[in-house]
Each structure stands twice: as C-alpha cells, then as structure tokens.
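Hi everyone, thanks for coming. Let me put the sequence and the structure up on the screen, and then we can walk through them together.

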Amino acid sequence: MSAPVASFEAALEFARDLIRIPSLSGNEGEAAECVREEFVRLGFEDTRIDEVGNVVGVIPGQAGGPRVMLCSHLDVVAAGDAETWEYPPFAGAVAEGYLHGRGAMDIKGPLAIQTHAAAALRGRAPGDVIVAHTVFEERGGLGAQYLFESLEVLPDAVVIGEATHGDICIGHRGRAEVEIVIRGIAGHASAPSRAQNPLSLLPAVLEACRELTGDQPSDPHLGPATVAPTSVEVLPETRNVIPDQVTVVLDWRTLPGATEQVLLDRVRRAVGQRLTELPEGYGLDVRMARERHNTYTGVEREWPMLSPGFLLSPEHAVARAAAEAVGSRDGNDGPATIRPWMFATDGGWTCGVHGVPTIGFAPGEERHAHTNRERLSLGEARWSLERYPGLVLAVQSALGSAAGNE
Ligand SMILES: [Zn+2]
C-alpha cells in the first residue's frame, strides 16, 4: 500500500498561525484552542482538552490494531529581545527557503506536520493514530506526565516531534537540579564571633561536588552522566551580613533509571564523607529543587526539577521499522541514521517512566533551537511530511507482527 499524502501548504499555514500566537509555558491556552480547531477541521475524533490543557485527538484505525501516538508540545521558550532577531519572532515569516520565528522548529512546525500526517491516515491505518500536544514541556513536562498518568490505555508506541534533522532518535539523558543547603546563624559582619557562618563549610561541600563529577556512570549510546555545580546562592543577600543559608545548585545530566532517591543518596554520601561531623550550630539539607506553576486551565502544581532520560534499543523493532520507512535524508540507499538526542524531551515520561517504546522524527537542526535564529528548512519540512504517514504505518506494522509472534 502506498503511503497517503498530506498537503504541505496546509500544514505550513497551520504552523504560521501557531507561531503568531506566543505560547510560553503556562500560557498555552490560545495555541491549544487553535490546535483543537485544526483537529476538528481535519476530522479528528474524540478531540478534547484535558485538565492541565493538553490537546488530544484520534484518527481511528481498525479496531484492535496497534495504537501509535504522535506527540509535540504547545509551549515555546521566551523570544528575548525581538530587535536581535533577523525575522520577527512571532510573525511566521517565510523567506530564503525557511520558516522563521519562535517555535518554527521547536516545535510548531513539526507539530503541524504530525497533525496533518495523522489526518492523511484517515481510513488507512491498521490501528488508532492518537495525536497529543502537551503543555509545559519546556519546564519539565508536566503535560506529558499528567497525560500518561491519566490515560486508561497506553499507546503501543510514541513518536515525538522534537528536531532530529531527519534521523530517528531513540533517547537522551535526563536532567535533575539538586540543592545542597548549608544552614548557620546569621549575624552582623562586624561581630563574626556571634554568628555561625555557613560559608565556612562551602569548601568541603564543593570538594564533595568535585568528587561526584569524577565518579559518573556511562552508557555506550548516551555517553556519561555529568554533574556540575552551577550556582552558589546566599541568604540574606547583603554584603555586610553573615548569611544563615548557602545553597549550592547541581545540574545533573542523568542516565535512564536515575531516580530522585538514587541521586539524593549519592550527594548525601559524598558530602557526608567530607563533613563526617557537622559542627555545632550548623545544618545540612540535600534536596531536589522544586518549581510551582499554574496551568492555563487553572491547575496549580509543584514538581521537582527532574526530567527523566530514556533509551530505546537501536535494535528495537519500532526504531528499525521507522529508520527503514524514512530512509536516508541525503537520498542514499539505506535506512535513516539512528541516534540519541542531545537534549531532553517528553520521551523521558512516555518511555523512561511508562515504558512505552518511543522514538523521535522531525525536521530541524538542534543548533537552532531556543536561539534568535530559530528556523525550519522548508525543503526538509516537506520531505518529513511526505515520510511521516509511511513511518506511522511501518511502526504499526512492526508492532502488529511483533504481537503476532508472541
Ligand atoms: Zn521542544
């Protein structure tokens, strides 16, 4: 069966409309409504906006066939000073062979491609094609986390729309932000003997951090985990006062399976070896950094700064089938390159936590993400849209024959 064709022009116009709606994390409401309307226009069924604001719709396949979810996100990062952009960040400009603006490649262009590719599979797919575009991906993935906890039936595979430059991506490291809090007793700097200065314990804590950086596990596909102290914060922040609190922040790029408990235990052990006895009057606390946000639908949530990593085996049937279906980007014979991403995605939730086989496929070069040169090659975008329906059918077929072999 030849793969169905979607209209590139229609997908491009949808992406341009979305870029014209700035949608920072927590303010995705208008973009979500625009996506919901497109779903309805394209004939999606069961279209809904869930409690935290994710937009979900289904192109039904034959009953009982493998269910594949296509997943992008609704939020974008801030544009910064618009004057520094070559093309305005929220205009959806098309020029010099590129779509320009915040979200062009991360991720409104690929979101539009996934949406239109799914619609082209109407009446053609052996199983349901679910399309879910999430909130808060850029702040740790509350949307995907909520979605996968709330689904009654998990999909059989997920395809993420984060930029892969036409390759098939199979995982990435996770990210965690750990805080080491040293507490003392504040006092006026003119009378240090009456205070307990937490800065006096800082060298030992930083030495423990240095030991941690040199003692990290490695993965043959994802490379080593890394950890680095990135900030020292002092309270109160007054130069003539001895502080009562010093916080060292660690940015940890983790391998799959690194849970909050594992990470905190490792830091506690490293610090404990350096500070075998805490001097009288001091306290020490190792904890995950946390953030509190409101979704545009009015749900208030606090969550630890912990985005899980994941890795699907490059030999997994889903990865192999996708790479064969897409083919090499440069037009040579042979499958697409299979590799990990350098950055984190919602795949940490779908695969790392929930175990659903997850891959990524999308146009766009990673180096343009989050910059004031964000752009999407129209040629590569058109090529990706042409290949997307075939990729979904190949993944469903691979899942179907894997189930048949069980
Ligand atoms: Zn993204």
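How many Å separate the centres of domain 1 and domain 2, taken over C-alpha atoms? The answer is 37 Å. Before I go on, please keep in mind that this is a predicted model: local features need pLDDT of at least 70, side-chain atom pairs count only at pLDDT 80 or more, and totals for chains, interfaces and linings use all residues. Residues are numbered from 1 along each chain as its sequence is written.

So, the domains. Domain 1 covers 8–172 + 309–405, and domain 2 covers 174–293; these bounds come from an automatic or database domain assignment. Twelve residues of domain 1 are in contact with ten residues of domain 2, where contact means that the C-beta atoms of two residues, placed from the backbone, lie within 7 Å. On the domain 1 side, β21 (310–311) and α8 (347–353) are the elements that give two or more residues.

Now the whole protein. There are nine helices and 24 strands. Those are DSSP runs, numbered from the N terminus: helices are H or I with at least four residues, strands are E with at least two. Along its principal axes, the C-alpha trace spans about 80 × 50 × 40 Å. Buried residues make up 48% of the 406 residues. A residue is buried if 20 or more other C-beta atoms lie within 10 Å of its own, exposed if 12 or fewer, and partly exposed in between, with C-beta atoms placed from the backbone.

Three strands form an open sheet in the order β4-β5-β24, with antiparallel pairing; two strands pair if DSSP finds at least two bridges between them.

Last stop: Gly29. You'll find Gly29 in helix α2, residues 29–41. Is Gly29 buried or partly exposed? Gly29 is partly exposed, because 17 other C-beta atoms lie within 10 Å. Leaving aside neighbours within four places in sequence, Gly29 is in contact with Gly53 and Tyr296. Gly29 and Val135 are 106 residues apart in sequence, yet 9.3 Å apart in space, C-alpha to C-alpha.
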